[in-house]
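Subject: Structure for your review

Dear colleague,

Please find below the sequence and structure that I am handing over to you.

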Amino acid sequence: MPSASNAHRLGDIATHVRGELLGDPGLLVHGLNGLEEAAPGEVSFYGNPRYRKQFEATRASAVLVGMDAPARDGVALVRVPNPHLAYAKLLTLFHPARRPPAGIHPAAHVHPEATVHPEATVKAGAVVERGAHVGARTVLHPGAYVGEDARVGDDCVLYPHATVREGCVVGSRVILHASSVVGADGFGFAFDAEGEDGPRHFKIPQVGIVRIEDDVEVGACTCIDRATVGETVVGQGTKLDNLVQIAHNVRVGPLSLICAQAGVSGSAEVGTGVVLAGQVGVVGHIRVGDLAKVGAQSGVAHDVPDGQVVSGSPAIPHKDWLRASAASGQLADLLKEVRALRKRVELLEKEKGG
Amino acid sequence: MPSASNAHRLGDIATHVRGELLGDPGLLVHGLNGLEEAAPGEVSFYGNPRYRKQFEATRASAVLVGMDAPARDGVALVRVPNPHLAYAKLLTLFHPARRPPAGIHPAAHVHPEATVHPEATVKAGAVVERGAHVGARTVLHPGAYVGEDARVGDDCVLYPHATVREGCVVGSRVILHASSVVGADGFGFAFDAEGEDGPRHFKIPQVGIVRIEDDVEVGACTCIDRATVGETVVGQGTKLDNLVQIAHNVRVGPLSLICAQAGVSGSAEVGTGVVLAGQVGVVGHIRVGDLAKVGAQSGVAHDVPDGQVVSGSPAIPHKDWLRASAASGQLADLLKEVRALRKRVELLEKEKGG
Amino acid sequence: MPSASNAHRLGDIATHVRGELLGDPGLLVHGLNGLEEAAPGEVSFYGNPRYRKQFEATRASAVLVGMDAPARDGVALVRVPNPHLAYAKLLTLFHPARRPPAGIHPAAHVHPEATVHPEATVKAGAVVERGAHVGARTVLHPGAYVGEDARVGDDCVLYPHATVREGCVVGSRVILHASSVVGADGFGFAFDAEGEDGPRHFKIPQVGIVRIEDDVEVGACTCIDRATVGETVVGQGTKLDNLVQIAHNVRVGPLSLICAQAGVSGSAEVGTGVVLAGQVGVVGHIRVGDLAKVGAQSGVAHDVPDGQVVSGSPAIPHKDWLRASAASGQLADLLKEVRALRKRVELLEKEKGG
């Protein structure tokens, strides 16, 4: 577990998370930790009644708790509406992000006709092509690539080998993790049965772009394809996990969460505040409505209404899926039962006939 | 939507797509767009009767249509057998691919014993190792890597961070998208229960190669492993989408389409003109026959005959899968029905006995 | 198929694999091949009775066989307990791994405050950041990246564009394949309904690390996220295939095999000697017990006991899954049968009443 990187007084901590302090505001704490792992001098959090036992036994000096948590002898409490969020804010306080010094490393490759903000950082081996723009305080790690005429906004981080292909537009405060790919060609072909050299898949030029709005995070090895024409869009504040596939002309709304290894097919629309769990697949040209939730490994083959929770492959309303899953476990018994019933009916029929 | 990058006369356009023009051959058009988005001066296409309404309302100056489409007042028509293909060809005409100037950038790393064709382009940070060959007009973008003794043919594009490992062979007109990996070691181990330092998975050296034939496209972050011995092969004109896994010793035939996040296990064979939809899995050592189609998220556990359409996990003929899926939705009701029947039979039995 | 890269006497070969030779120890063999492909002068192996026919017809000069295989005229045999393992060892003998010469290429970027062992190899375009350590005989291929204060042990290979982010720890004899990513941020957010600029997903700083123990192999484009706090761990001798996702705070035990495109969610634990087949998903905060096996495409939603074999989504014991799968194929017929029974019962009821 991490030790403290600096120390803060409990009063300042309560102020930082806008919480109500039950304890000594002058107490100095120097780190964060889980309820079980925390030592005196550390802060922990308790947001789920399931961990009540650990809360009662913790050696932490202070605990972030919900508004109705019981008091505990010898432990300061900071009451907040959302202990998980407050804990996240404290992690940020105790582990402030370090930004490398601004400037272009001599072993970076910035085209003379690119514009890199003087407060940006371009490290060894990063590449910025002709006509590209890199905003203020943005960091390009080694191997990060910004293609011709692409634009990356302010306060972004492009980790090693993140690729932004030509013409694509990335907003501000965007994080592109290592080996993510923004703007590869969409997977579009027209079958040409009568090509000069025999049948072939004729490549449909993918002349659109990807537009990534502000505050988006794109996971490692996640791929967002450029549009055939127009734009593939990832909306403001949406977060994509690792190894996610976003196909050409998809539109993902703001504030959605797409978990690892999920895939969204061409021209599909994912609304606002949607959650796609891991390994979900969404077919092309459909819409997943605002605030919908899709269970892990589900295959979404039809429009999902706003707010609906769906599961299964093909995906159906979650309640129906639970019912079907339960029934499915009884199937083998059902087969036996029906065979037995058939015999009993045969017997009844015979006796009646006899 | 993209504006025109140049302009063409309608007569030339009809000739380019080998279509029959109903309209003024001298009319100048300057771009392409969807039926709904198109403005006067633009060309659109109408290939699916489902979009009839949009066809009737379009403001496009000309529309590519099938051989039997109705005329439309004030709109020129270009009749072709395959409007989608013709549209793709026009996109190529209006947006011709730009090739960067030939030559090796001073910040590229080409081994003195590598051979790079003088018409090839090797950009900053690309690497060509000893004994490797790069063909005419091939472009290596920054971070592209061609390993020892590997061969890349003519007119290829290796996007940033595409990797071709030692000894692998890539044909001509091949596109390797960003962070694709050709020739990583296959996943092969022999369990050694009696290793000197305890049990271990003994690594089976992967001494074969990958051979990619002409006109193949490999998606971003797609991985094609080298053979244990011999070759892993991707056939001529086959297209792989993003995040696809092709294991060691797999053979994919020509003209197949493998969609995003699908995986083919070791030594499996995928025939000619096969379609694997997104997130499909194919187990090892089986054969998916020519022209077979596998539905999204399916798990193929046995040979698939030529031309068969399969779905489900495990995959079964698509018709059976539709029937089973429908039945599965009725399962919970069936359980109730059988319980009710049992009671009715019990009653009949009792009465008979009574 | 590969030809020999050198030649060995049969007696030495038998000694190398600790086998019992039935044949001429002085016979010179120059390569390895499959039973069907082998020519005179080559060695093959026969471990599975299914290939008896090929064994009887092989032209190989010698064959590695199990302890109870029958003799064959004109073919030398080497009896070993595990022919597959012995074959792997011979592949290593015939194709010894080549290590590039030690030293730091002038176009590599090694920070003056990094420590690179003098016997390590750092190729053009590889990057070692401040405070990082690279051990003896480790090879960093072009584009490999070792972040600040990260440690990579001895005898490792980092293929092109492999990324080890800041602070992560990699043991010895570890292989990181191309474009693998060790230490990207975990996917952790706390929903903040009352952010100053509207609702947002507040990023939880991911301040932990990844620790990879000795003898681990990480496939191409595989992602292992750093812990929120603490460590994400991959245990000694475990092998990860391509495109695998290991989320934050996961602990994978030693000697496990995780096949391509499988994913393990946050804080899950995978035991010792576990096998996850391709495209498996494991939900967060559960445990897959030692020596458990999970079938391809399964979705593990609950703890799996030690040694259990599970399949399906959600995963159930493999035997139950086989039974349910078989029953599922009979479902449509069952529906018909129940409808017929209902009519027969109705008839019986009517007649009784009449």
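This is a predicted model: local features need pLDDT of at least 70, side-chain atom pairs count only at pLDDT 80 or more; totals for chains, interfaces and linings use all residues.

The peptide bond that joins B:Ser313 to B:Pro314 is cis, with omega about 5°. Chain A has a cis bond from A:Ser313 to A:Pro314, with omega near 0°, and A:Pro314 is found in the loop between β39 (309–311) and β40 (316–317) of chain A. These bonds deserve mention because most peptide bonds are trans, just as most residues other than glycine have a negative phi.

A:Asp149 is not a glycine, yet its phi is positive, at about 60°. A:Asp149 sits in the loop between β15 (145–146) and β16 (151–152) of chain A and is partly exposed, with a relative accessible area of 43%. In chain C, C:Asn249 has a positive phi near 65°, and this residue lies in the loop between β29 (245–246) and β30 (251–252).

Chain C also contains an open sheet of twelve strands with mixed pairing, in the order β8-β11-β14-β17-β20-β25-β28-β31-β34-β37-β39-β40. Its edge strands, β8 (103–104) and β40 (316–317), each pair on one side only. Within the sheet, β28 (residues 239–240) and β31 (residues 257–258) of chain C run parallel and are joined by two bridges. C:Leu240 has C:Ile258 of β31(C) as its bridge partner.

Finally, I turn to the interface of chain C and chain B. Here 59 residues of chain C are in contact with 62 residues of chain B. The buried area is about 4,800 Å², and carbon and sulfur atoms give 65% of it. The rule finds seven salt bridges across this interface. B:Lys203 and C:Glu217 form a salt bridge, with their closest N and O atoms 3.0 Å apart. There are also 18 residue pairs in polar contact. On the side of chain C that touches chain B, two or more residues each come from α3 (83–94), β28, β31 and α5 (331–353) of chain C. The largest share, 15 residues, comes from α5(C). By residue type, that side of chain C divides into 30 nonpolar, 15 polar and 14 charged.

Yours sincerely

Conventions
Residues are numbered from 1 along each chain as its sequence is written. Chains are lettered from A and ligands numbered from 1 in the order in which they are written. Side-chain values use heavy atoms; hydrogens and water are left out. Two strands pair if DSSP finds at least two bridges between them. Helices (H or I, at least four residues) and strands (E, at least two) are DSSP runs, numbered from the N terminus. Contact means heavy atoms within 4.5 Å. Buried area is the accessible area (1.4 Å probe) that two parts lose on being put together, summed over both. A salt bridge is a side-chain nitrogen of Lys or Arg within 4 Å of a carboxyl oxygen of Asp or Glu. A polar contact is a pair of N or O atoms within 3.5 Å; within protein, one must be able to donate a hydrogen and the other to accept it, and residues adjacent in sequence count only if both atoms are side-chain atoms. Ala, Val, Leu, Ile, Met, Phe, Trp, Tyr, Cys and Pro count as nonpolar, Asp, Glu, Lys and Arg as charged, and the others, Gly among them, as polar. Buried means under 20% relative accessible area, exposed over 50%, partly exposed in between (1.4 Å probe, protein chains only).
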